[in-house]
Amino acid sequence: MANMRMDKNPMPEQDPALRRGNFDEVALGYDRETAMDEAARCLRCKVPKCVQGCPVSVPIPAFIAQVAAGDMEAAYAAVAAANDLPAVCGRLCHQEDRCEGQCIRGIKGESVAIGALERFVADWHLAGRTAQDAPPAPEPNGHSVAVIGSGPAGLACAGELLRRGYDVTVFDAFRHPGGMLTHGVPSFRLPRAVVEKEIARLERAGVKIVTGVQIDENRSIDSLFEEGFEAVFIGAGAGVNVPLNIPGEDLKGVYTAYQTLPLAEGVSLGKRVAVLGSGDMALDAARSAVRYGAEQVWLICRAAAAEALYARKEDVARAQAEGIEILPDHEAAEILAGPDGRVAGVRAVSVEPDGSQTDERVIAVDTVVNAASASTGQRLLDSTPGLNATAAGGVAADAVTGATSRVGVFAGGDAVTGAATVIGAMAAGRRAAAGIDVYINSR
Ligand SMILES: Cc1cc2nc3c(=O)[nH]c(=O)nc-3n(C[C@H](O)[C@H](O)[C@H](O)COP(=O)(O)OP(=O)(O)OC[C@H]3O[C@@H](n4cnc5c(N)ncnc54)[C@H](O)[C@@H]3O)c2cc1C
Ligand code: SF4
């Protein structure tokens with residue numbers, strides 16, 4: 001008999017006054033008792049719409065039934081068969097637009113806390129409380145594939161190829177794998193140890209990860225084929241913030257989010273910071289600025305309201321509790337200089353669809369952070385003859401198979417779409433793995 005309580009079990013979290021001063025994880029996770037209680041709210045629908053809402057089709061009712069029964073090992077095995085990064089997805093997926101958005105319990109009350117439960121079982125596993133580890137790799141099929149980029153797209157592609165018997169090598173330009181999970185998302189939302197452990201599990205399963213190797217004109221995609229790889233997947237992400245193209249953008253004190261996010265603790269961005277952008281990255285840049293010591297932080301965004309930001313709703317609420325002032329329906333028209341030539345303010349305007357301005361205000365700030373959308377860097381496109389780009393500058397790839405304009409080269413994730421989501425990138429990586437499988441087997 002399901003627990004018919006209307007509300008989710010709340011996620012315990014660090015007190016806002018405390019967390020403003022540290023980079024420790026804000027959301028603390030369910031304990032076993034709370035997880036079992038929440039799992040009992042699932043109705044075990046015969047046609048589970050939540051699964052349709054999940055881009056990698058996690059068997060949600062099945063794993064939640066195992067949590068309700070207290071068998072966390074079986075719950076983890078069910079999740080991990082579909083999702084190579086469940087502890088990451090439980091924390092970062094926009095569940096309200098995905099699985100939880102489809103949950104039948106959400107019609108009259110709150111949906112089942114699917115993400116929190118996925119996080120719980122993954123954390124249970126990562127804490128070493130289960131005997132279950134990487135499933136044994138299937139018989140090698142004798143084919144090898146190179147993956148460029150160790151973010152969610154590359155890792156999901158590699159994990160799926162491994163399950164299909166491929167020998168997979170992932171190359172990443174950075175010294176530490178994980179893409180934006182390691183180099184973007186701050187530790188107060190995704191602790192580094194969580195990412196490291198999920199990647200270590202994939203490595204134990206057999207994925208080879210080579211870091212500090214940039215694939216470009218010096219070691220090109222063509223040279224990977226010469227080395228014997230039979231197909232290449234590009235999961236190179238979108239690591240460049242799009243320029244704002246407004247006056248004052250080149251002033252001292254203007255940074256991109258990618259410059260500020262990986263800063264070490266103790267770095268100061270000044271007392272008053274304006275962050276420009278509407279997504280998770282912008283929210284994270286603003287929340288990081290608070291933790292770097294800023295006293296006032298504004299998030300200037302085109303979204304019509306705080307609730308309309310393209311970010312996890314619970315993180316919007318947490319950011320507001322940390323004192324971030326969200327200025328919706330506005331965009332920066334100009335960054336203003338002070339007498340010393342550094343940033344002194346931002347002129348923000350509200351622009352109607354017909355181009356008229358209905359509001360203008362000047363906010364005095366020490367620092368401006370550009371967290372506007374991101375696009376793919378050019379180097380892979382430039383160093384790979386015949387690789388076509390999208391109009392937005394990404395790698396052009398088939399939406400179903402991931403095939404690009406170059407035979408044997410596939411692509412997915414932010415490299416194709418521009419900055420998007422973890423689970424979208426993972427789903428694209430998995431689809432491309434299936435496309436690579438068909439391609440190699442049909443040669
Ligand atoms: C601050 C921030 C917060 C975010 N929060 C969320 C969130 O809450 N929820 C959510 O769903 N999404 C979030 N995102 C978006 C999410 O992180 C990305 O959509 C996702 O990481 C994209 O995965 P990817 O594998 O396509 O690319 P990436 O994660 O960017 O990984 C690409 C990798 O490719 C490597 N690479 C690039 N070029 C080369 C080359 N030529 N040779 C070798 N290696 C190369 C890079 O070093 C990098 O490691 C956030 C992003 C940021 C920046
Ligand atoms: S992977 Fe994301 S969308 Fe899928 S069930 Fe987990 S939290 Fe929901």
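Here is a chat about the domains, ligand shells and sheets of a predicted model.

Student: Hi! Which domains is the chain divided into?
Tutor: Hello! This is a predicted model, and its chain is divided into domain 1 (26–126), domain 2 (144–240 + 375–441) and domain 3 (243–372).

Student: What separates the centres of domain 1 and domain 2?
Tutor: Taken over C-alpha atoms, the two centres are separated by 27 Å. The contact between domain 1 and domain 2 takes 14 residues from domain 1 and 21 residues from domain 2.

Student: Which element gives the largest share of the domain 1 side?
Tutor: That is α6, with five residues on the side of domain 1 that touches domain 2. By class, the residues on that side are ten nonpolar, one polar and three charged.

Student: Switching to ligands, which residues come nearest to ligand 2?
Tutor: There are 15 residues around ligand 2, and Cys54, Cys89, Cys93, Arg98 and Cys99 come nearest. The elements giving two or more residues to this shell are α6 (86–92) and α8 (114–126).

Student: And which element gives the most to it?
Tutor: α8 does, with three residues in the shell around ligand 2. The classes in that shell are nine nonpolar, four polar and two charged residues.

Student: How many residues are around ligand 1?
Tutor: Ligand 1 has 42 residues around it, of which Gly149, Gly151, Gly179, Gly237 and Gly413 come nearest. Among the elements that give two or more residues to the shell around ligand 1 are α9 (152–163), β2 (167–172), α10 (180–183) and α14 (280–291).

Student: What about the classes there?
Tutor: The shell around ligand 1 has 22 nonpolar, 13 polar and seven charged residues.

Student: Why does Thr182 count as buried?
Tutor: Thr182 counts as buried because it has 21 C-beta neighbours inside 10 Å, and the cut-off is 20 or more. Leaving out residues up to four places away in sequence, Thr182 touches His176, Pro177, Arg192 and Val195.

Student: How far apart are Thr182 and Val207?
Tutor: They are 25 residues apart in sequence, and their C-alpha atoms are 18 Å apart in space.

Student: New topic: what order do the strands have in the open sheet of five?
Tutor: The order is β6-β13-β7-β8-β9, with parallel pairing. β6 (254–256) and β9 (325–327) stand at the edges with a single partner strand each, so each has one side without a neighbour in the sheet. Ignoring direction, neighbouring strands are turned by 20° against each other on average.

Student: How many bridges join β6 to β13?
Tutor: Three bridges join β6 to β13 (residues 367–370). Within this pairing, Tyr255 has Val369 in β13 as its bridge partner.

Student: Which helix packs on that sheet?
Tutor: α14 does, touching β7 (272–276), β8 (296–300) and β13. The direction of α14 makes about 170° with that of β8.

Student: One more strand: which way do the residues of β4 point?
Tutor: In β4 (residues 231–234), Ala231 and Phe233 point one way while Val232 and Ile234 point the other way. In general, side chains in a regular strand alternate between the two faces of the sheet.

Student: Are those four buried or exposed?
Tutor: Ala231, Val232, Phe233 and Ile234 are all buried.

Student: Which strands pair with β4?
Tutor: β1 (residues 144–148) is joined to β4 by four bridges and runs parallel to it, with Val147 bridged to Phe233. β15 (residues 409–411) pairs with β4 in the parallel sense over three bridges, and Ile234 has Ala411 as its partner.

Key. Residues numbered from 1 in each chain as written. Chains lettered and ligands numbered in written order. Predicted model: local features only at pLDDT ≥ 70, side-chain atom pairs only at ≥ 80, totals over all residues. Near = placed C-beta within 6 Å. Nonpolar A, V, L, I, M, F, W, Y, C, P; charged D, E, K, R; others polar. Domains from an automatic or database assignment. Contact = placed C-beta atoms within 7 Å. Pairing = 2+ DSSP bridges. Axes fitted to C-alpha atoms, helices over the stretch in contact; angles between N-to-C directions. Buried ≥ 20, exposed ≤ 12 C-beta atoms within 10 Å, placed from the backbone.
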